[in-house]
Amino acid sequence: MNERNPNTEEASAPAPGRRRFLNAAALAGVAGLAACQEKPATSAATAPAAPSAAKDPSAAVHLKPGELDTYYGLWSGGHTGDMRVLGIPSGRELLRIPCFVPDALTGWGHTNESKAIMGTKPDGSLRYTIGDTHHVHASYKDGNYDGRYAWINDKINSRIARVRLDYFVCDKITKLPNVQGFHGIFPDKRDPVDPAINYTTRVFCGGEFSIPLPNAPTEDSTKYRSLFSCVDAETMEVRWQVLIDGNCDLVATSFDGKLAAANQYNTEMGVRYEDMMSAERDSCIFYHIARIEQAVKDGKFTTIGNSKVPVVDGLRASNTDPATALVGYVSVPKNPHGVNASPDGKYFICAGKLSPTATVIELTKVLDWFDGKLDDIDKSIVAEVELGLGPLHTAFDGRGNAFTTLFLDSQVVKWNVDKAIAFHNGDRSAAYVVDRLDVHYQPGHINASQSETVAADGKYLSVGCKFSKDRFLPVGPLHAENEQIVDISGEKMVLLADHPVRPEPHDFIFFKRELLKPKQVYSMDEFPLAVKDAKEAGVTREGRKVTVKIVSLAPAFEPREFKVKRGDEVTLILTNHDKIQDLTHGLAIPDYNINFIVNPQETASVTFVADQLGVFWYYCTHFCHALHLEMRGRMIVEA
Ligand code: RUQ
Ligand code: CUA
Ligand code: CA
């Protein structure tokens with residue numbers, strides 16, 4: 001790229017002073033966060049762009065009381081360990097779904113049911129109480145979301161959680177064996193072989209950190225490796241893993257089900273960041289799913305340590321012959337970040353992070369390499385174009401345009417994929433950059449309405465800004481992060497709103513509300529312990545084990561008092577008999593550290609030792625009725 005590039009002229013970037021400042025920060029490399037000190041410059045791009053209609057475009061996000069959003073959004077909560085549910089375009093947070101971390105509101109991590117999902121130690125306490133969620137993706141059918149499930153990763157303890165999208169609750173959590181730093185996650189979109197399976201049956205998980213396999217203390221980093229894992233979407237068991245060179249960061253899957261990919265920023269397999277940045281190019285590794293599964297069927301695998309999961313060989317040295325290769329390594333510039341699938345099904349796009357570029361990889365050409373029709377897998381790269389500083393993630397409008405976050409430039413750049421390919425092929429006049437928008441500040445994730453589906457509709461863009469600096473009232477040293485909503489329906493991007501959010505959210509998707517059919521009342525049959533008839537309520541004893549069955553029906557518990565003996569192990573089972581939507585009860589017991597809720601027709605249980613003598617008023621914590629305060633009863637613990 002030594003000739004003039006109409007796409008990278010200063011003129012196309014707003015506020016030269018601001019850009020220069022950020023460039024200086026970029027030179028500081030990974031320490032470039034010094035840019036946070038910079039004051040925002042007003043620029044043409046942040047000034048309200050001339051809307052095509054006369055009315056204020058930001059009115060779209062200000063829903064009137066009672067108006068409903070048109071999109072559901074699923075957001076990762078970050079190291080709060082939960083999944084957030086938002087309405088878009090308003091950006092209103094509707095729910096937080098606890099997954100990896102206990103939640104005081106719902107009793108997640110306190111009830112026996114949620115503890116069984118989260119996983120316990122032999123003494124019954126939770127194995128893990130922290131989490132770090134980065135990526136949320138949902139199940140597909142025919143290339144669009146089908147409203148069954150969403151999955152979310154926990155980077156800290158390498159767990160994947162599944163959320164049922166009928167009740168918006170986590171129903172399974174799986175720990176990946178022999179993986180540290182489980183980062184990228186993506187469901188497949190159909191089966192690579194069976195055309196009848198046109199929906200998600202696998203979820204792919206990238207392992208970011210390399211470790212000794214099996215893990216044992218050694219400083220010899222040449223022995224460290226990473227694994228790419230496939231989890232069964234229904235059983236949530238780990239089906240297989242691939243041993244690779246380099247690491248996995250983000251994950252993408254093709255619409256035909258044949259390929260998955262992960263960007264690799266550490267092909268150097270360095271253990272210090274200087275080493276991780278030493279190569280000019282790293283990789284995007286492609287997984288040939290059908291071949292991997294055939295190898296597993298043929299018994300061509302090993303296992304690692306105590307794990308029974310089959311592990312196939314995806315090392316570079318073992319995969320040089322395309323005719324038999326399970327994986328292929330495509331060379332991409334220095335420390336790439338997000339890899340995203342264009343909604344037309346043709347391309348995966350890797351953002352450069354430490355390179356100012358995006359790399360466009362054509363999937364039919366990757367398959368050609370596996371089929372022996374292309375001599376060099378790097379020839380699947382159809383464009384490698386300059387976008388700006390610190391490209392991280394890319395979204396799509398379904399009209400041929402891509403939107404990439406520029407972390408160091410604090411911008412979103414809109415660019416046309418076909419024109420980028422034309423430019424790469426030598427048409428130096430091809431103006432692939434369509435627009436640039438300043439965002440506030442240092443954006444990481446980005447997504448557009450329906451972006452990675454066949455139904456990408458190009459209406460809204462959401463940008464997860466990692467820093468808010470001066471955008472909100474100061475509240476001490478910890479700043480909110482800033483989620484911004486952008487109208488992308490026209491040629492120019494229009495910033496519509498800022499939303500403060502508790503750190504540290506990461507990736508998200510949002511899609512048409514019609515795709516979900518949430519249920520607002522449980523079916524009592526979902527719960528094996530349900531106290532179906534109020535006549536069953538009361539105390540039963542087996543030695544020192546006491547079961548107390550309680551029913552809630554506004555505004556009373558049944559029974560309204562019960563007696564146990566000090567030292568009893570008490571299991572309290574509560575079923576909510578209210579059937580109408582929004583009628584949730586809670587049950588708290590003072591001094592026993594117990595509180596949890598039951599939604600309409602839900603059953604939950606807790607187990608504790610009655611170790612304190614006295615009278616303890618259990619009471620309803622969730623406002624349910626005019627007599628909510630009267631909704632209480634006595635637990636009498638006798639000697
Ligand atoms: S990564 S800011 Cu954890 Cu999703 Cu890209
Ligand atoms: Cu029941 Cu408040
Ligand atoms: Ca690198």
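Visitor: What sits over the ring of Tyr-149?
Guide: That's the charged end of Arg-162, 4.1 Å from the ring centre. Keep in mind that this is a predicted model.

Visitor: And which residue lies over the face of Tyr-265?
Guide: Lys-353 does, at 4.5 Å from the ring centre. Tyr-265 also turns up at the calcium ion (ligand 3), where its O is one of the protein donors.

Visitor: How are the donor residues spaced in sequence?
Guide: The pattern reads Y-x2-E-x7-M-x5-D-x52-N.

Visitor: Is Asp-282 buried or exposed?
Guide: Buried: its relative accessibility is 2%, and the cut-off for buried is under 20%.

Visitor: Switching to aromatics, how many pairs does a search of the whole structure find?
Guide: It finds 22 aromatic pairs. One of them is Phe-204 with Trp-240, which counts as tilted because the ring centres are 6.0 Å apart and the planes are at 45 degrees.

Visitor: Where do those two residues lie?
Guide: Phe-204 is in strand S9 and Trp-240 in strand S12, so the pair ties together parts that are 36 residues apart in sequence. Phe-204 is buried at 1% relative accessible area, and Trp-240 is buried at 2%.

Visitor: What about Phe-562 and Tyr-618, how do they pair?
Guide: They're tilted as well, 5.4 Å centre to centre with 35 degrees between the planes. Phe-562 lies in strand S34 and Tyr-618 in strand S39, so this pair links parts 56 residues apart in sequence. Both residues are buried.

How values were computed
Residues numbered from 1 in each chain as written. Chains lettered and ligands numbered in written order. Predicted model: local features only at pLDDT ≥ 70, side-chain atom pairs only at ≥ 80, totals over all residues. Heavy atoms only, no water. Donors = N, O, S within 2.8 Å, 3.2 Å for Na, K, Ca; no water. Buried < 20%, exposed > 50% of the residue type's maximum accessible area, 1.4 Å probe, protein only. Phe/Tyr/Trp six-rings, centres within 6.5 Å; stacked < 30°, edge-to-face > 60°. Helix = DSSP H or I, 4+ residues; strand = E, 2+ residues; numbered from the N terminus. Lys NZ or Arg CZ within 6 Å of the ring centre and 35° of its normal.
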